[in-house]
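Reader: I have a model open here. Can you walk me through a few of its features?

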Amino acid sequence: MSFSWAKPYEPKHPLAKWFDQRLPLPRLAYGAVGGGYPVPRNLNYWWNFGVAAGLFLTIQIVTGIVLAMHYTASSGGAFNSVNQLIMRDVNAGWLLRYAHMNGASFFFIVVYIHIFRGLYYGSYKAPRELVWMLGLVIYLLMMATAFMGYVLPWGQMSYWGAQVITGFFSAFPLIGEPLRIWLLGGYAPDQAALGRFFSLHYLLPFVIAAVVILHIWALHIPGSGNPTGVDVKDEKDTLPFHPFFTAKDGWFSAAILLAYALVTYFAPNYLGHPDNYIPANPLATPAEIVPEWYFWPFYAILRSFTVDFILPAKLWGVLAMFSSILLLFFLPWIDKSPVRSGSYRPVFKRFFWLLVIDVIVLGWAGGGAPNPMRNVISQLAAAYYFLHFLVILPLVSAFETPLPLPRSISDSVLHGEEAEAAPVGSKPRRTKAATAVVE
Amino acid sequence: MATKAGSAEVPHSVVADGEGIRRRDYLKIGAVAFAGVGGVVALAPLLVQMSPSADVLALSTTEVDISKVQPGQGIKVSWRKQPVFVRNLTPKEIAEANAVPLSSLRDPQTLAERTKPGKQNWLITLGVCTHLGCIPLGIGEGENKGPFGGYFCPCHGSQYDTAARIRQGPAPKNLFVPDYEFTTPTTVTIGAKGK
C-alpha cells in the first residue's frame, strides 16, 4: 500500500518465512502498523488520538466481556446484578465496572478530539472522504452502543433514557408510534427492551471493530494526512510507523491511561449521574433527566425546537438532531477549498474555533434542566451550528485566500522551530530560533 | 528540548558511540519493561473476577439435622451447591463393608477411616461420582443401590458399596468424604474441619 519506498516485510527466521508463505498475517501487520507503513514525519500530537481511540475500544471490549459474565439482563435482576453482585461481590468487580463506565467517557473524549482534529486539518477532503465517512459510521455505532450500555444497569437514568431515546422515533408521523413500540417490544421499556439492548450492546462493539479495520484500510491507501495538508512527495517526507510512531503513540497512550486511571480511581462517578443508583421506577421520572455528557450537544439541539412550525416542534427537534450528524457526511462536498489544513486558512481557522466554542455551549445547554435563558442560548447555538456548515463553510471556501503552502513536508520541517510552527508565507519572528541556528 | 543551549554539554559517554550501552537502549528497555509489568498487573482483575467471590465462599459450611434419619435411610443435602449424602447405615451394611478385604479395593479405605470414631453408622460423602461428576442413585427410598448395596451411577455404571467405595465401573476413587464435625449428637456441620 501507499508509497513505493515502503519497506517490504523480510522475515529472517526460517520459521517466520515458512509462516509468511502460508499465511502472510505478520506481513499484513508489518505493512499496517509496523516498519512498512511510511507516515508523514511532521505529525503533531493531535494525530495521537486515533490510536488512543483504538486503545479505548479494546479496553471497552475486554472489560465488557468480563462484566457480561456477571450481568443479568432481567428487569427484576439487572439493577442488583450491577450494584450488588458486580460492585460488591465479584472480585475486583467494582474496578471492572468503573473502568467500563469511565472507559466509555474516555472513548468519547478521544474520539471527539480525533473528529475535531479532522475538521481542523481537513482530513475529510479528497482522497480521504471514505476514511471520514467510515469514521462517522463508527461514531454513530458508538452512540448506539453507549446508549444501550447506559440502559443496562436499569437505574432511573437508564430507564428514562431508554424511554426518551426510543421516544425520538415516535416523532415521525404515522409510522412513529408503531416503530417505537416495535423497538421496545412493549408500550414502555421492560424485559423485552432490556434483553435486546443487552444483546445489541454486546454485538455492536464487534461491528465497530470491523468498521475500524475498514477505516484504517481506507486510510492506508493514500496514507496518513499531516498538519500542513501537503501531500507526501518523497521518502524524505516520511518515517516508518515503527519505531517512530509506535514509540510516540506508546508514551502518549500511557499519558492518557494515567488520566483515565485518575478519574477511574478517584472520581469514578464524576462523569455519571447519581440518579442511576436509584432502581428504575416506571411510574416516576427523575426531576432532572439528562443523557450522558457526550450526548449533551445533541440533546440541546433536540430541545431547542419549542414551537410548531409547519411540522410539530417534536419532529423538528428529532430531525435537527439526526441531521446535525448526518450533514457531516456531506462535509467533503460542503467545504470545497483545495487547501486541507486549517493552518493555511486564516478565515476558516477563526470559524473553526467558533464552532468549537459553539459545540461547548451546546453541551452546556444540553446538560442542565431547561429554563427560558438556557433555551434561548441553546436555540442560538443550534442555529449557529447549522449556519456554520450550511452557509459559512461554503462561503469561506469560495472567497477565502489561503496562505501559500510549503513546497513539501520536509521543506516545512527543515527551517527551524519558529518557521515550522508558523505557516509558510507568514513571517516567523526571527529572534531566538534564528540566533540559535547561527550559534 | 534538544535545542536548549545546555544540551551541547552532554558528556560524550552517553551519546551513541557504536559500541556499548547507549542511552536510548536504556530508555527503551526501561520503558518496555515498565509497560510490560503494568500490562501484566492490569490483567489481574480480569483473572480474579473469575474466582469464587466472598459470598460464594461463605456457603462453605452447611448444618444438617440428622435426628430424623433412621437406620437404613439417607438424606441428600446441599453443600457448596453440591449434593452430600448423609446415610445412617444398618448393622448389616456395616458388617458388609467391614467384610471386604482391602486388597480387593481400587481405592483401599476401611469404613472406619471414612467415618468418625464411635459414629461408624453415619456415612457422609459427597454425592458426586468420581468418574465425571454425575449424582449416583441409591440415597433415596427405592432407588437402585447397585449390586454392592451402596450407590449406582446411572451415567456410566460406576458401582459403590455400603461404605461408598468404588467397586466396579469407570470411577477411579471412592465417593469423597468432606470435612465435617458433629456439633451436637444430632447435628452435623459439613465443611467444618472435624475434630
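Author: Strand 2 (residues 74-79) and strand 3 (residues 82-88) of chain B pair in the antiparallel sense over six bridges. Strands pair if DSSP finds at least two bridges between them; strands (E, at least two residues) and helices (H or I, at least four) are DSSP runs, numbered from the N terminus. This is a predicted model: local features need pLDDT of at least 70 and side-chain atom pairs 80 or more, while totals for chains, interfaces and linings use all residues. Residues are numbered from 1 along each chain as its sequence is written, with chains lettered from A and ligands numbered from 1 in the order in which they are written.

Reader: Which residue is the bridge partner of B:Lys76?

Author: B:Phe85, in strand 3 of chain B.

Reader: And how many residues lie between the two strands in the hairpin?

Author: Two; B:Arg80 in that turn has a positive phi of about 50°.

Reader: Switching to chain A: at what angle do helix 11 and helix 14 cross?

Author: Roughly 75°, with the axes of helix 11 (residues 296-303) and helix 14 (residues 346-366) of chain A coming within 7 Å. Axes are lines fitted to C-alpha atoms, for helices over the stretch in contact, and angles run from 0 to 180 degrees between N-to-C directions. So helix 11 of chain A is roughly perpendicular (65 to 115 degrees) to helix 14 of chain A.

Reader: Which residues of helix 11 meet helix 14?

Author: A:Trp296, A:Pro297, A:Phe298, A:Tyr299, A:Ala300 and A:Ile301 in chain A. Contact puts C-beta atoms, placed from the backbone, within 7 Å.

Note on methods:
Angles under 35 degrees count as roughly parallel, over 145 as roughly antiparallel, 65 to 115 as roughly perpendicular and the rest as oblique. Two residues are in contact if their C-beta atoms, placed from the backbone, lie within 7 Å.
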